[in-house]
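Take a look at the picture first, then we'll go through it topic by topic.

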Amino acid sequence: MIVGGETEERPANEPRMNILIVDDQPDGLLALEAILGNLGQNLVRASSGREALRLLLREDFALILLDVVMPGMDGFETAALIRERPRTKHTPIIFLTAARKGEGPLTRGYETGAVDFIFKPIDPEVLRSKVKVFVELAIKTEEIRKQAEELREAQAREHERELTSARERLKREQMQREMEAHTAQRRWLEALLDGLPRALLLADPETGKMTFANRAAQPVLRALADETNPLSHPTSEVRRAARGERFEGLVLDWISDGGPCTMLLTGEMLPAMHGQKETVIISALDVTELKRTEGKLQRAVRARDEFMSAASHELNTPLTTIVLQLDSLSRQIKKSGVAEDARSQKTLATLNRNVDRLGRLIAEMLDVSRVAEGRIKLERTQVDLCELAREVASRFEDQLARVGCKLTLEVPNAIVGHWDKSRLDQVVTNLLTNAMKYAPGKPVELRVEGDDKQARLSVKDNGIGIAKESHARIFERFERAVPTENYAGMGLGLWIVSRIVTEMGGTIGVESEPGQGATFTVTLPLAASDAPLVPPIEPAPGSISAGVPPVVAAGLQPPVEARAEVGS
């Protein structure tokens with residue numbers, strides 16, 4: 001690039017524009033540089049159309065001065081290629097030509113996109129004037145482009161600021177909504193906790209201070225604030241729970257606003273979670289009224305048991321007299337020969353059955369009071385369970401025949417253990433009585449088996465059966481698996497059996513389904529390790545217990561045959 005002459009003064013901040021001069025003649029290039037050198041612009045020379053195209057690929061130009069006549073690729077062909085590229089499509093081109101105005105080549109030049117023609121020989125002033133116009137136009141265009149770019153950037157920045165402001169506003173609004181939702185949820189939870197009847201407190205285990213208390217816990221808070229209340233002492237259970245000590249259903253007596261109070265205290269440490277540090281949750285259930293009610297119920301139960309014990313003892317005395325008188329009457333009828341009278345026999349049998357039933361009820365009442373007070377005393381002797389089972393089965397022959405039950409015995413020769421014979425007799429008796437009651441007219445199976453450590457006795461009926469959910473309940477006091485209007489009884493037989501079996505170190509269970517009958521199984525250890533072995537007590541001749549049926553003397557079911565032999 002060659003700049004000739006003095007450079008014109010121009011603003012310091014004005015950019016220098018690129019001007020491409022294309023001529024295959026070096027003298028032409030030098031002339032152009034000499035004419036345009038003082039304009040203060042960047043003059044880039046090219047000696048051919050191809051070189052000019054290569055330069056246009058690398059740089060942008062404000063103006064192209066293009067010679068028309070050049071070897072290989074003339075100015076028109078070069079201009080046509082320049083116009084095909086989007087980047088240079090609008091770059092102004094001034095053709096340099098020696099042709100005269102009005103000649104054919106001028107028309108072609110305008111068709112290829114020329115903006116003007118400079119005719120040779122070149123008038124320097126005309127050339128500079130035209131070049132300055134296009135340079136100023138390019139400068140203005142560049143300024144407009146920069147301004148447009150700055151405007152776009154400013155708009156983009158403003159848009160970004162607005163977008164950022166909108167995001168921040170949305171974020172603040174979202175945080176506000178979340179805070180409001182959190183506050184509403186917290187208030188709802190506090191209202192819910194305030195409605196609970198159980199006192200609920202939250203505490204900081206590091207300081208032991210209460211951080212929350214619902215409405216039911218306010219008396220506890222007041223007690224903690226009262227230095228005269230034992231609950232406020234640092235060693236009290238509530239204070240210890242607040243420091244993280246675990247409690248589960250601790251019964252705590254304390255003094256509340258209304259006087260003495262009892263509550264169940266539970267303390268549990270909650271681990272750090274959801275952004276919250278470790279917290280102790282303390283709950284206290286006021287059971288003062290429940291405790292008072294429990295005391296009333298216990299007193300009522302004791303009174304009932306005392307009444308049943310007294311009533312059973314009082315009823316036992318006239319029953320003994322009735323049994324003796326009935327037995328005496330039976331002997332007199334036999335001696336008088338009236339025994340052959342069918343009506344008399346039927347009357348005696350009815351009396352005997354009612355006495356049997358009354359005796360069993362009194363025996364159960366006596367056992368209820370003894371078992372409830374823990375007064376069952378076992379007199380352990382060596383007892384052959386097989387022999388005892390056969391004896392009980394023999395006593396029940398008439399009753400089994402009366403209700404239409406066929407008894408099947410599966411009993412080995414002997415299984416001997418250390419048990420209370422009278423109580424074990426009561427177990428077998430009650431199980432057989434139970435089978436006859438709930439399976440009349442159905443076969444009954446009595447089985448005894450064992451090994452060197454334990455014996456098993458089972459009674460199976462084919463009666464109405466027992467629902468699974470009632471299996472455990474039927475061994476409770478006064479509990480029954482059937483309506484009382486359908487089957488008589490007080491619901492004590494199986495409870496007494498279970499307590500006797502438990503006292504002897506054994507277990508009792510039932511297998512049954514509705515309509516499939518029931519099988520009761522008693523398992524007893526052969527050896528007794530929890531009670532001394534005592535010899536059997538034989539009643540003295542002539543004593544009341546020697547002649548009174550077992551229902552009166554030991555609480556057992558009396559057979560008819562036994563009563564017939566009383567006093568003989």
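Is the crossing of α2 and α3 left-handed or right-handed? The crossing of α2 and α3 is right-handed; a crossing is left-handed if the near helix is turned anticlockwise from the far one by less than a right angle, and right-handed if clockwise.

Before going on, keep in mind that this is a predicted model, where local features need pLDDT of at least 70, side-chain atom pairs count only at pLDDT 80 or more, and totals for chains, interfaces and linings use all residues. Residues are numbered from 1 along each chain as its sequence is written, and side-chain values use heavy atoms, leaving out hydrogens and water.

**The whole chain**

- The chain has 16 helices and 17 strands; helices (H or I, at least four residues) and strands (E, at least two) are DSSP runs, numbered from the N terminus.
- Of the 568 residues in the chain, 40% are buried (buried means under 20% relative accessible area, exposed over 50%, partly exposed in between, with a 1.4 Å probe and protein chains only).
- Take the contacts (heavy atoms within 4.5 Å) with a separation of 6 or more: 62% of them are between residues 24 or more positions apart.

**Two helix pairs**

- Helix α2 (residues 49-58) packs with helix α3 (residues 75-84) at an angle of about 20°, and their axes are 10 Å apart. Axes are lines fitted to C-alpha atoms, for helices over the stretch in contact, and angles run from 0 to 180 degrees between N-to-C directions.
- That angle makes α2 roughly parallel to α3 (under 35 degrees counts as roughly parallel, over 145 as roughly antiparallel, 65 to 115 as roughly perpendicular and the rest as oblique).
- On the α2 side, Gly 49, Leu 53 and Leu 56 meet Thr 78, Leu 81 and Ile 82 of α3. By class, the residues of this contact are 4 nonpolar, 2 polar and no charged (Ala, Val, Leu, Ile, Met, Phe, Trp, Tyr, Cys and Pro count as nonpolar, Asp, Glu, Lys and Arg as charged, and the others, Gly among them, as polar).
- Now for α10 (residues 385-395) and α12 (residues 421-438): their axes come within 10 Å and cross at roughly 50°, which makes α10 oblique to α12.
- This crossing of α10 and α12 is right-handed, and the contact has 6 nonpolar, 1 polar and 4 charged residues.

**Helices with a buried side**

- In helix α1 (residues 26-36), the buried residues are Gly 28, Leu 29, Leu 32, Glu 33, Ile 35 and Leu 36. They sit on the same side of α1 because they cover an arc of only 165° around the axis (the arc is that of the directions from the helix axis to the C-beta atoms).
- An α-helix has 3.6 residues a turn, so residues three or four places apart point the same way.
- Among the partners that the buried residues of α1 pack against are β1 (18-22) and α5 (124-194).
- Helix α6 (residues 218-225) has Val 220, Ala 223 and Leu 224 buried. Their arc is only 100° around the axis, so they are on the same side of α6.
- The buried residues of α6 pack against β6 (199-203), β7 (210-213), α7 (237-242) and β8 (247-256).

**Two loop residues**

- Asn 229 is in the loop between α6 and α7, and Asn 229 is buried, with a relative accessible area of 9%.
- Leaving aside neighbours within four places in sequence, Asn 229 is in contact with Ala 223 and Ile 255.
- Pro 121 is in the loop between β5 (116-119) and α5, and the peptide bond from Lys 120 to Pro 121 is cis, with omega near -10°.
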